[in-house]
Amino acid sequence: MLGILISILPVFLLVGFGYIAVRNKLFPDQGVDGLMMFAQNFAIPALLFRAMSTLELGEAFHPALFLSYYGGATVSFLLCLLGARLLFERPWEDSIAIGFCGLLANGLLLGVPVTEQAFGPEATESNFVIISVNSLYCYGIGITAMEIARARSSGGSLAQMPMRVLRAMFRNSLIIGIGAGLLVNISGVALPAFFTEALDMMARAALPAALFGLGGVLCFYRPEGDLRTIAWIVLASLVVHPTVTWLIGSATSLPEPGFRSAVTMAAMAPGVNTYLFANMYGVARRVVASAVLIGTAVSLFTTWVWLAFLH
């Protein structure tokens with residue numbers, strides 16, 4: 001098990017370097033914003049574009065892969081949502097933002113590099129297949145649920161809701177990168193070598209920059225809010241999501257490469273985008289920010305355990 005911990009430790013150390021650098025004023029706060037903007041709007045879309053444009057679509061898109069991962073994500077979402085509403089008596093809008101923490105794991109910034117470190121670069125193919133529909137599925141559920149709750153509380157109309165959901169999703173640079181890559185893949189267009197080499201150079205910077213930036217972003221958060229709710233989110237994200245994914249993957253005989261990727265992705269802490277979602281609607285921000293921070297710290301140890309099972 002020590003070998004597994006050592007294999008994934010570089011990923012979490014890079015997050016820690018970013019946290020320490022920002023905390024000790026060795027890296028400016030505004031630099032974190034610039035670094036994350038570069039990573040999320042340019043480098044990661046380039047990474048996703050290249051991954052999607054070269055993916056073997058017929059072999060990689062296994063129905064059981066989506067069923068296992070998103071089945072676990074949906075159960076985790078409902079557990080967080082209903083727990084926040086029924087156990088902790090939060091308003092519906094808060095509960096949906098808390099549920100979103102259980103739905104959107106940090107599969108891209110943590111799941112991909114952890115899988116690569118633990119199983120090798122070729123093992124990440126199924127990770128990118130999961131990511132290809134992640135924003136559509138998660139934001140589709142989160143935004144739809146939030147718009148329904150807000151319309152219900154304000155007495156507004158739901159007629160404009162589909163357009164609001166689509167507009168919010170398709171302005172996302174990650175979805176644009178994924179969609180463009182799939183379009184190139186399906187069309188069979190051969191891109192010029194100088195263009196793909198430039199994209200590859202940018203893509204290689206994506207995960208290191210994003211992990212360092214993630215550490216800087218986490219430095220801005222403080223553990224605040226209802227600790228019982230935070231613990232509930234962490235439990236759902238780090239235990240329930242991967243457990244349900246494991247059970248569904250086993251029941252559907254998901255091939256081993258996809259099974260490993262699905263469970264590893266499901267075992268990740270809530271992503272920073274869960275806070276951005278809560279902040280967009282102005283609800284449950286303290287709880288969500290704390291869940292991201294605490295969940296990321298705890299995930300070093302829980303990920304180690306899940307990878308030991310997978311090995």
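Student: Which hand does the crossing of α2 and α10 have?
Tutor: The crossing of α2 and α10 is left-handed. A crossing is left-handed if the near helix is turned anticlockwise from the far one by less than a right angle, and right-handed if clockwise. Helices here are DSSP runs of H or I, at least four residues, numbered from the N terminus. This is a predicted model, in which local features need pLDDT of at least 70, side-chain atom pairs count only at pLDDT 80 or more, and totals for chains, interfaces and linings use all residues. Residues are numbered from 1 along each chain as its sequence is written, and side-chain values use heavy atoms, with hydrogens and water left out.

Student: At what angle do α2 and α10 pack?
Tutor: Two packed helices are described by the angle between their axes and the distance between the axes. Helix α2 (residues 29–53) and helix α10 (residues 193–219) pack at about 140 degrees, with axes 7 Å apart. That makes α2 oblique to α10. Axes are lines fitted to C-alpha atoms, for helices over the stretch in contact, and angles run from 0 to 180 degrees between N-to-C directions. Under 35 degrees counts as roughly parallel, over 145 as roughly antiparallel, 65 to 115 as roughly perpendicular, and the rest as oblique.

Student: How do α6 and α14 pack?
Tutor: Helix α6 (residues 107–119) meets helix α14 (residues 285–310) at an angle of about 40 degrees, with their axes 12 Å apart. So α6 is oblique to α14. Their crossing is right-handed.

Student: How many aromatic pairs does a search of the whole structure find?
Tutor: The search finds 13 aromatic pairs. One of them is F61 with F66, a tilted pair at 5.8 Å centre to centre, with 45 degrees between the planes. Rings of Phe, Tyr and Trp (its six-membered ring) pair if their centres lie within 6.5 Å; planes under 30 degrees apart count as stacked, over 60 as edge-to-face and the rest as tilted.

Student: Is the pair of F66 and Y70 stacked or edge-to-face?
Tutor: The ring centres of F66 and Y70 are 6.5 Å apart and the planes are at 15 degrees, so the pair is stacked. F66 and Y70 are four residues apart in helix α4 (residues 63–87), so about one helical turn separates them. F61, F66, Y69, Y70 and Y137 form one aromatic cluster.

Student: Which residues there are buried?
Tutor: F66 and Y70 are buried. F61, at 28% relative accessibility, counts as partly exposed. Buried means under 20% relative accessible area, exposed over 50%, partly exposed in between (1.4 Å probe, protein chains only).

Notes
Helix = DSSP H or I, 4+ residues; strand = E, 2+ residues; numbered from the N terminus.
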